[in-house]
Amino acid sequence: MDALYHTGNGKDTHSIDSWDCLVLAYEPVWAIGTGKSASPEQAQAMHCAIRNWIRKNHGPDVAKAIRIIYGGSVKPYNCEALITKDDIDGFLLGGASISHKGEDFAKIAKSMQAHWNETKKTKSKL
């Protein structure tokens with residue numbers, strides 16, 4: 001796919017050949033460094049708005065290809081509810097990647113793996 005990225009002034013800045021290599025991370029400003037997380041519904045609403053903006057400005061194929069990940073204090077107790085949302089494609093982990101000797105990271109990774117495995121099963125039945 002050969003699409004062009006435009007700045008606000010309409011000038012082409014560069015060509016992007018493979019949108020599926022692009023990952024966007026979203027974290028609410030109020031969550032940065034606080035340990036607070038958006039509810040799964042709040043995070044989904046923002047990810048959906050971002051994906052809709054991409055769809056409107058770059059088309060449905062680009063919106064589908066780009067991964068949008070959530071980075072607002074993902075923890076073992078909220079990761080499963082977050083990853084099941086349609087527009088949340090993964091996580092950007094901060095403290096969870098280094099806390100408790102990696103136990104939090106491992107729990108989050110396992111929840112993502114379980115979700116992906118279930119998603120593959122569902123798609124293979126279609």
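A salt bridge is a side-chain nitrogen of Lys or Arg within 4 Å of a carboxyl oxygen of Asp or Glu. The structure holds three salt bridges. This is a predicted model, in which local features need pLDDT of at least 70 and side-chain atom pairs count only at pLDDT 80 or more, while totals for chains, interfaces and linings use all residues. Residues are numbered from 1 along each chain as its sequence is written, and side-chain values use heavy atoms, with hydrogens and water left out.

**Overall layout**

The protein chain has four helices and four strands, where helices (H or I, at least four residues) and strands (E, at least two) are DSSP runs numbered from the N terminus. Along the sequence their pattern is β-β-β-α-α-β-α-α. Of the 126 residues, 29% count as buried; buried means under 20% relative accessible area, exposed over 50%, and partly exposed in between, with a 1.4 Å probe and protein chains only. The chain exposes about 8,300 Å², of which carbon and sulfur atoms supply 56%. Accessible areas come from the Shrake-Rupley method with a 1.4 Å probe, and for residues only the protein chains shown count as cover.

**Salt bridges**

Side chains of opposite charge can pair when their charged atoms come close. The pairs are listed here.

| Salt bridge | N to O distance |
|---|---|
| Lys85 and Glu41 | 3.7 Å |
| Asp87 and Arg51 | 2.7 Å |
| Arg51 and Asp89 | 2.7 Å |

Arg51, Asp87 and Asp89 are linked in a network of salt bridges. Arg51 belongs to helix 1 (residues 40-58) and is buried, at a relative accessible area of 6%. Asp87 lies in the loop between helix 3 and helix 4, so its pair with Arg51 ties together parts that are 36 residues apart in sequence. Asp87 is buried at 12%, whereas Asp89 is partly exposed at 25%. The side chain of Arg51 also reaches the backbone oxygen of Ile66 at 3.0 Å, a polar contact (a pair of N or O atoms within 3.5 Å; within protein, one must be able to donate a hydrogen and the other to accept it, and residues adjacent in sequence count only if both atoms are side-chain atoms).

In the remaining pair, Lys85 is partly exposed with a relative accessible area of 24%, and Glu41 is exposed with 51%.

**Nonpolar cores**

A nonpolar core is a set of buried Ala, Val, Leu, Ile, Met, Phe, Trp, Tyr and Cys residues joined through side-chain atoms within 4.5 Å. The largest one has 11 residues in all, among them Ala38, Tyr70, Leu82, Phe91 and Met112. Helix 3 (79-83) and helix 4 (103-125) are the elements that give two or more residues to this core, and helix 3 gives the most, with three residues. A second, separate core of seven residues includes Ile16, Ala63, Ile66 and Ile68.

**The aromatic pair**

A search of the whole structure finds one aromatic pair. Rings of Phe, Tyr and Trp (its six-membered ring) pair if their centres lie within 6.5 Å; planes under 30 degrees apart count as stacked, over 60 as edge-to-face and the rest as tilted. The ring centres of Tyr26 and Tyr70 are 6.4 Å apart and their planes stand at 45°, so the pair is tilted. Tyr26 is in strand 3 (residues 23-26) and Tyr70 in strand 4 (residues 67-70), 44 residues apart. Tyr70 is buried, with 0% relative accessibility.
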